[in-house]
Amino acid sequence: MKILFYGARDYDHLYFDPLAAEGDDDCSIDFQPTNLDGHTAALAQGYEAVCIFVNADCGRTVLEVLAEAGVKLVLLRCAGYNNVDVSAAKKLGVAVLRVPGYSPEAVAEFAMALALAGCRHIHKAYIKVRNNNFALDGLLGRNLHGGTAGIVGTGKIGAAMARICHGFGMEVLGCDSWRNPALEGIVTYVGLEALLRRSDLVSLHCPLTEDNYHMLNGETLGWMKDTAILVNTSRGQLIDTDALLDHLRRHRFGAVALDVYENEEEQVFEDLSDDILANDKVALLLAYPNVIVTSHQAFFTHTALRAIAETTLENAKSFQQGGPLPNRVE
């Protein structure tokens, strides 16, 4: 199988190269630094599969070009697939396979790191000390121990975050249509409004769907405590950025920590240090001292990268050999 790997970075070679070499010529991978979109889809001519990440454009128009080029398989090296028009892929006869779980702990640990950085102002302290300012002004924080954590989405990542919060000595509330039996004795399930009103820390760990788009909006953000910490390591569209900015202007939230944000696709994973951000809302968010923004890096550990490479290549092999496809997106 010939696979065209879109949006390749140096770190992608760390595990894909040696694992592909071990595969006895099951597949060959050509790495393409440019991302998949309407302009680059034609590069897949002659390839049976393409491999993409969360920031690729895999909408209907792009899929039509891929299918015409002979592509039969889209390999997602991630869990989320909101950037793929799944119904269009099905109509075109293009299978879509994903990596449903690579390292839940990697994302959960990063979410807690963001929460700690926000509530203890570590991002501000680092800059102050770098400027030889060792004063404690503006760095007064709050304990997480004894507080309440609200976990929205209690799948593998949310469950890992719930266990971390429980270990910190927090009461843990969960909101999910499915109650995870593995969290019995750790999580108390409540509705979204009750969770937002009671929680000192709210962490989002749910996939993006049509039903939860802008789940946190002007009204629901208003349910949260003025001192609450909000963390998002899931998908940016879960939060209405305009509404969030409006609440920030009114001096709400102890901290907001975002590893994902709306319209991140054109800048995420790119070095724009000598450029002007097209996403002006990110610039506005960064103007607030209680806001931390990172670059969609919660997954980014050696453990996760290896697991992503292993599962992606296993998906390709199973498809090629006509085997079962448990990771197929329907």
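Me: In this predicted model, is Phe5 buried or exposed?
Reply: The model is predicted, and the values are computed from it. A residue counts as buried when its relative accessible area is under 20%. Phe5 has a relative accessible area of 0%, so Phe5 is buried.

Me: Which class of accessibility applies to Phe31?
Reply: The class between buried and exposed begins where burial under 20% ends and stops where exposure over 50% starts. The relative accessibility of Phe31 is 24%. Phe31 therefore counts as partly exposed.

Me: What kind of aromatic pair do Phe5 and Phe31 form?
Reply: The structure holds six aromatic pairs. In the one formed by Phe5 and Phe31, the rings are 4.8 Å apart, centre to centre, with 40° between the planes. Planes under 30 degrees apart count as stacked and those over 60 as edge-to-face. The pair of Phe5 and Phe31 is tilted.

Me: How many residues apart are Phe5 and Phe31, which link distant parts of the chain?
Reply: Phe5 lies in strand 1 (residues 2-6), and Phe31 lies in strand 2 (residues 28-32).

Me: In what order do the five strands of the open sheet stand?
Reply: The pairing in this sheet is parallel. At its edges are strand 2 and strand 5 (95-97), each of which pairs on one side only. The twist averages 20° from one strand to the next. The order is 2-1-3-4-5.

Me: Which residue is the bridge partner of Leu75 in strand 5?
Reply: Strand 4 (residues 73-76) and strand 5 run parallel and are joined by three bridges. In strand 5, the partner of Leu75 is Leu97.

Me: What angle does the direction of helix 11 make with that of strand 4?
Reply: Helix 11 packs on the sheet of five strands. Helix 11 touches strand 1, strand 2, strand 3 (49-52), strand 4 and strand 5. The angle between the directions of helix 11 and strand 4 is about 160°.

Me: At what angle do the axes of helix 1 and helix 11 cross?
Reply: Two packed helices are described by the angle and the distance between their axes. Helix 1 (residues 13-21) and helix 11 (residues 302-321) have axes that come within 9 Å. Residues in the contact include Leu14 and Phe16 of helix 1 and Leu305 and Ile308 of helix 11. The axes cross at roughly 35°.

Me: Why is one side of strand 8 and of strand 12 left without a neighbour in the sheet?
Reply: These strands belong to an open sheet of seven strands in the order 8-7-6-9-10-11-12, with parallel pairing. Strand 8 (187-189) and strand 12 (291-293) stand at the edges. One side of each is left without a neighbour because each has a single partner strand.

Me: Which residue of strand 9 is the bridge partner of Gly150?
Reply: Strand 6 (residues 148-152) pairs with strand 9 (residues 201-204) in the parallel sense, over four bridges. The partner of Gly150 in strand 9 is Val202.

Me: Is His121 buried or exposed?
Reply: His121 is placed in the loop between helix 4 (104-119) and helix 5 (122-130). Among the residues that His121 touches are Leu116, Gly138 and Leu140. The relative accessible area of His121 is 13%, and the limit for burial is under 20%. His121 is therefore buried.

Note on methods:
Residues numbered from 1 in each chain as written. Predicted model: local features only at pLDDT ≥ 70, side-chain atom pairs only at ≥ 80, totals over all residues. Heavy atoms only, no water. Helix = DSSP H or I, 4+ residues; strand = E, 2+ residues; numbered from the N terminus. Buried < 20%, exposed > 50% of the residue type's maximum accessible area, 1.4 Å probe, protein only. Contact = heavy atoms within 4.5 Å. Pairing = 2+ DSSP bridges. Phe/Tyr/Trp six-rings, centres within 6.5 Å; stacked < 30°, edge-to-face > 60°. Axes fitted to C-alpha atoms, helices over the stretch in contact; angles between N-to-C directions. Lists of a residue's contacts leave out its neighbours within four places in sequence.
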